Amino acid sequence: MLMGMTTMHTRTLGTTGPQVSALALGCMGMSPKLYGDADRAESIATIHAALEAGVTLLDTGDFYTMGHNEMLIGEALRTAPAARREQAQVSVKFGALRDADGGWNGMDGRPEAVKNFAAYSLQRLGVDHIDVYRIARLDPAVPIEETVGAIAELVGQGYVRHIGLSEVGAETIRRAAATASIADVQFEYALISRDIEREVLPTTRELGIAITAYGVLSRGLISGHFTAGRQLAPNDWRAMTPRFQGDNLQHNLNLVDALRKIAEQKGVTVAQIAIAWVLSRGTDIVPLIGARTRVQLAESLGALEVTLDAADLAAIEEAVPADAAAGDRYPASQMAHLEA
Ligand SMILES: NC(=O)c1ccc[n+]([C@@H]2O[C@H](COP(=O)([O-])OP(=O)(O)OC[C@H]3O[C@@H](n4cnc5c(N)ncnc54)[C@H](OP(=O)(O)O)[C@@H]3O)[C@@H](O)[C@H]2O)c1
């Protein structure tokens with residue numbers, strides 16, 4: 001298995017955006033009540049190890065356990081060596097309205113809400129600017145021009161550097177890009193989640209916008225470590241997700257077994273094949289790896305050393321055809337908030 005020293009490459013977030021590490025770290029699973037429990041000390045050690053390995057971009061959302069994730073990143077940045085802290089770039093999603101008991105109450109993309117969310121995020125993160133700022137889902141009651149326009153004002157004031165989008169369709173991307181420069185669109189993209197190939201990716205490519213890809217391991221399902229017998233905790237969101245349930249789960253794990261044969265032949269791991277495949281789809285795509293331990297991080301970074309040639313790509317495509325997954329990628333209530 002490829003582990004240990006890797007060379008960090010860089011990619012650019014769109015024609016107007018910043019240069020970032022080719023692999024970014026998604027920190028969501030480091031907060032409790034998302035993927036079950038989380039280990040605070042290990043989470044901070046993982047962020048430090050990522051920065052040490054040359055990862056620059058850290059992704060979070062202000063609603064990930066109601067500010068918990070931002071405060072965790074804030075602590076990791078405060079306790080990192082100065083040089084590492086200075087190289088860090090933080091990407092923040094906002095807009096989701098929460099209940100104290102964890103419930104979800106839709107989105108708020110009104111300009112005054114955008115400015116309010118940002119003020120709190122800056123404080124929790126302990127930074128003077130946010131590198132990339134985006135609404136997590138479209139607020140259907142607020143034209144995207146108004147939401148993006150408010151972020152553009154924050155750019156003008158120096159509180160935000162770049163503007164992103166998340167899980168929106170081609171038309172919204174065009175309208176947003178006509179309002180201000182858009183660096184990247186965040187979207188689920190993995191061997192078993194290929195929706196963006198239909199409309200979103202051709203649109204972002206036409207407009208010179210990058211993709212930051214999440215769920216590259218389909219939230220651990222195609223990590224190669226997930227087993228049918230694993231009991232997900234009641235506070236693990238994945239337990240509610242169709243892909244992790246019943247016959248769907250077994251079907252999807254059979255796809256992982258097919259992938260495992262290819263990984264073994266190449267002397268790499270399933271997770272490394274899955275991440276390397278997303279990396280191979282274009283230099284405009286930056287995977288947000290969801291590692292929450294140093295061991296997972298080291299394995300994931302090993303994907304940077306995996307080269308997939310035409311024969312490998314054909315074998316992967318045969319093992320896991322584009323629409324091979326069983327079950328939606330979100331529970332039905334949350335699918336309703338996805339535009340594309
Ligand atoms: N824009 C959006 O709508 C949106 C939505 C979701 C996420 N995101 C962002 O994208 C980031 C990544 O998403 P994700 O966390 O779902 O990604 P992911 O990489 O598909 O899944 C992460 C999970 O997979 C398992 N895992 C990760 N690396 C592994 C490894 N090397 N070996 C074994 N298991 C591994 C871990 O679960 P176990 O430890 O339980 O095995 C981990 O919590 C998030 O942190 C968040 O910042 C954005």
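## Around the ligand

In this predicted model, 28 residues surround the ligand, and the closest are Tyr 35, Asp 59, Arg 219, Arg 230 and Arg 238 (to be near the ligand, a residue needs a heavy atom within 4 Å of it). Gly 220 works through the backbone, with an N or O atom 3.2 Å from a ligand oxygen. For Gly 290, a backbone N or O atom also lies 3.2 Å from an oxygen atom of the ligand.

A word on the ground rules. Residue numbers start from 1 along each chain as its sequence is written. Because the model is predicted, local features need pLDDT of at least 70 and side-chain atom pairs count only at pLDDT 80 or more, while totals for chains, interfaces and linings use all residues, and side-chain values use heavy atoms, with hydrogens and water left out.

## H5 against H6

Helix H5 (residues 144-157) packs on helix H6 (residues 170-179) at about 40°, their axes 9 Å apart (axes are lines fitted to C-alpha atoms, for helices over the stretch in contact, and angles run from 0 to 180 degrees between N-to-C directions). That makes the pair oblique (under 35 degrees is roughly parallel, over 145 roughly antiparallel, 65 to 115 roughly perpendicular, and the rest oblique). Helices (H or I, at least four residues) and strands (E, at least two) are DSSP runs, numbered from the N terminus.

H5 brings Ile 144, Glu 145, Val 148 and Gly 149 to the contact, and H6 brings Thr 172, Arg 175, Ala 176 and Thr 179 (contact means heavy atoms within 4.5 Å).

## H5 against H4

Helix H4 (residues 111-125) packs on H5 at about 45°, with 8 Å between the axes, so H4 and H5 are oblique too. On the H4 side, the contact uses Pro 111, Val 114, Lys 115 and Ala 118; H5 answers with Glu 146, Thr 147, Ala 150, Ile 151, Glu 153 and Leu 154.

## Leu 138

Leu 138 sits in the loop between strand S8 (130-135) and H5. Setting aside neighbours within four places in sequence, Leu 138 touches Met 107, Ile 144, Val 168, Thr 172 and Glu 339.

Notes:
Polar contact = N/O pair within 3.5 Å; in protein donor to acceptor, adjacent residues only side chain to side chain.
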